[in-house]
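User: Please examine the model below and discuss its helix packing and backbone geometry.

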Amino acid sequence: ALSQIISGLRPLPLAILALPGLTLSNGNCQNDSGGIQVNDFLQRLHRVYYKSVIFNDTELFFHHVESNLHGSIACVNLILDKPKEILKRLRQRRLAHRLSLFIFYWGARWPPRPHTLHFEEPMRVVVVTRPRHKAFRIYYNQARPASDSQLRLVNWYDGDNLGLQRIPLLPPASSVYANFEGRVFTVPVFHSPPWFWVTYGNNSSDTDEELFNLDNTDYNEMRVTGGRDHRLLMLLAQHMNFRFRYVEAPGRTQGSLRLDDAKELNDSFTGGIGLLQSGVSSLRLESCYHDVLSGFFLQQADFFLGDVGLSWERRKAIEFSFFTLADSGAFATHAPRRLNEALAIMRPFKQDIWPYLILTIVFSGPIFYGIITMPYIWRRHHANLNGEQLAYNCIYMTYINEITPGRVKVNRKKIKVPFSQQMPNQLFEKCIWFTLRLFLKQSCQELYHGYRAKFLTIVYWIAATYVLADVYSAQLTSQFARPARETPIDTLQRLQAAMIRDGYSLYVEKESSSLEMLENGTELFRHLYALMRQQQPEGRQSFLIDSVEAGIQLIAKGGEDKAVLGGRETLYFNIQQYGAQNFQLSHKLYTRYSAVAVQIGCPFLDSLNDVLMHLFEGGILEKITSAEYAVQSRKIPKDKAQQSIEQATVQGVTDTANEKSNEVRNHSPSQGSEVISPLNLRMLQGAFIALGVGSLTAGV
């Protein structure tokens with residue numbers, strides 16, 4: 001009978017705990033005085049060809065279960081002993097998991113009563129009883145989706161009839177937890193827009209009627225007025241037929257690793273994640289949270305939402321569902337400020353262009369001088385050669401006359417030696433000024449009529465007119481119409497340089513996944529975290545803020561030397577409230593995923609994943625996110641929108657410009673940055689400064 005019961009589970013590996021000298025017997029059963037011998041049972045079990053491991057040491061058995069859990073291997077464990085002491089040790093070692101099934105059989109006639117033995121989730125327990133000879137009953141604690149986890153009869157075996165009643169032996173979890181039958185779940189929550197909008201206190205004037213009519217929200221101390229994950233939770237409750245009630249997360253944070261008395265990290269978390277930790281008794285949690293809760297009635301939570309990011313440290317304490325948001329890490333800082341308009345005439349040429357431009361102007365004059373002087377130098381060299389030949393001929397004839405006794409008459413002809421034309425005076429200085437006038441598009445006279453000089457003059461004129469002047473004028477006009485701004489801080493390298501050079505301060509939400517990335521990251525993240533700690537006086541961690549929204553408020557209030565690190569979606573939503581033109585959002589730093597956090601070994605995780613995957617494949621998750629952005633953008637106070645637009649407009653414009661700006665104010669705040677500023681004299685002050693400097697230099 002036991003062999004067929006185990007076969008009905010269809011397990012791959014099987015672990016059996018049989019203490020030495022154990023005999024399974026039931027005094028209430030007739031004709032069974034000797035009981036069932038363990039060896040006989042094992043022999044019959046191996047006839048079914050199942051891989052099994054037999055333990056007679058409890059400690060070795062526990063190590064075997066732990067190794068299977070670490071490898072995510074589903075295993076069935078048959079324990080031939082009473083469950084009371086074994087269950088206690090299983091809870092202490094945190095071995096309760098949906099992958100491990102514990103079957104208890106000790107020859108009892110009736111299952112244990114609920115007040116004597118309680119099987120809590122996520123532990124999966126099967127109790128086999130023997131009410132009579134050749135008859136067995138199978139009780140299962142997860143036969144129904146209720147949270148009480150009471151044993152219920154799910155199958156039986158009758159040796160005189162057809163054997164096992166149904167196969168498989170137990171109802172699958174996918175069918176059990178497809179409908180929770182109105183079960184009430186506890187969900188920690190805190191204010192973290194746009195995921196949850198929470199109002200603390202008794203004021204209910206801004207509460208939506210749809211949310212106020214729900215009976216699954218505790219409105220006594222806090223009130224959830226909306227949010228993307230709140231809408232997602234309502235949709236899950238509708239699909240899976242459950243209800244939920246919110247409780248305030250301890251410390252109003254997601255949670256981080258707790259420091260013990262020795263200032264070292266242990267395996268317990270604070271915040272909402274701490275309420276999810278499985279295998280920790282309520283008394284132990286209550287002692288841990290006593291300094292934080294301040295009298296708050298502690299209870300374990302069922303799952304946790306609200307941009308809960310995945311990390312290696314968190315996966316050791318909780319489990320995550322299929323991701324609900326594929327996000328990336330980013331940081332936000334102030335928008336690039338306008339550069340000094342007095343230097344606008346210098347900006348069309350960037351830093352890498354100035355050296356080539358200066359070298360071109362400096363060497364243009366000497367090159368032009370060389371082209372003009374080449375004919376003069378060549379003619380002078382030719383005249384020198386003729387003079388040397390004449391002198392050589394004269395010396396030769398004198399020598400002949402001296403050594404010759406007779407006179408030799410030579411007809412002397414006059415040889416005309418051409419004189420080289422003289423170079424113009426101050427030709428080098430004239431070439432320099434000629435090229436300067438040509439590049440500055442001033443009137444100038446031709447210095448030389450040679451073809452080489454004329455061709456070079458045409459090249460200089462084309463370069464000055466069509467390359468430099470026109471491009472410079474076009475870029476200068478565009479910069480006057482849309483003034484230049486400083487280089488945005490949109491990478492980690494630029495942020496690190498700004499923190500070192502300009503004293504920028506980086507803020508991060510306390511006990512968040514972004515803080516874990518800084519603490520446990522490498523290279524730039526480690527350097528940034530070190531800079532953050534160095535900038536804090538007396539070791540105070542003032543760089544930790546309550547929420548990303550609080551950091552955005554610091555920047556919006558004039559914090560031009562501040563930056564906030566967080567999820568890109570969260571940052572994007574919050575900067576929309578205070579005017580997107582006032583902030584700069586960085587590039588994607590790293591990929592991060594957010595999901596629903598549940599207890600380790602949660603029995604309904606597979607059912608929850610099925611629903612989330614259907615919502616993701618159908619595009620409903622993305623639609624919920626977009627709809628939440630649209631709803632909350634309409635709730636932005638008008639004074640915030642008006643203030644953000646007024647910061648983007650320029651004072652002192654004409655009546656026509658005023659009418660256009662009034663039309664712009666009727667649009668969304670994000671369009672304020674697209675307004676083109678009119679040209680004014682302040683933008684031309686650089687030209688007057690250049691004129692004054694030039695006049696002063698000429699006078700000196």
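Analyst: L515, M517, L518 and E519 in α16 meet F525, R526, L528, Y529 and M532 in α17, where contact means heavy atoms within 4.5 Å. This is a predicted model, in which local features need pLDDT of at least 70 and side-chain atom pairs count only at pLDDT 80 or more, while totals for chains, interfaces and linings use all residues. Residues are numbered from 1 along each chain as its sequence is written, and side-chain values use heavy atoms, with hydrogens and water left out. Helices (H or I, at least four residues) and strands (E, at least two) are DSSP runs numbered from the N terminus.

User: How many residues in the contact of α16 with α17 are nonpolar?

Analyst: Nonpolar covers Ala, Val, Leu, Ile, Met, Phe, Trp, Tyr, Cys and Pro; Asp, Glu, Lys and Arg are charged, and the others, Gly among them, are polar. In the contact of α16 with α17, two residues are charged and no residue is polar. The nonpolar residues number seven.

User: Are α16 and α17 roughly parallel or roughly perpendicular to each other?

Analyst: Axes are lines fitted to C-alpha atoms, for helices over the stretch in contact, and angles run from 0 to 180 degrees between N-to-C directions. Angles under 35 degrees count as roughly parallel, over 145 as roughly antiparallel, 65 to 115 as roughly perpendicular and the rest as oblique. The axes of α16 (residues 513-520) and α17 (residues 524-534) are 7 Å apart, at an angle of about 100 degrees. The two helices, α16 and α17, are therefore roughly perpendicular.

User: Which residues of α1 are buried?

Analyst: Buried means under 20% relative accessible area, exposed over 50% and partly exposed in between (1.4 Å probe, protein chains only). Six of the eight residues of α1 (residues 2-9) are buried, so this helix is largely enclosed by the rest of the structure. The buried residues are L2, S3, I5, I6, G8 and L9.

User: What is the phi of N241, and where does this residue lie?

Analyst: Most residues other than glycine have a negative phi. N241 has a positive phi, near 60 degrees, and counts as partly exposed at 35% relative accessibility. Its place is the loop between α7 (228-240) and β14 (242-248).

User: What is omega for the peptide bond from E121 to P122?

Analyst: Most peptide bonds are trans. The bond from E121 to P122 is cis, and P122 is found in the loop between β6 (100-104) and β7 (124-132). Omega for this bond is near 10 degrees.
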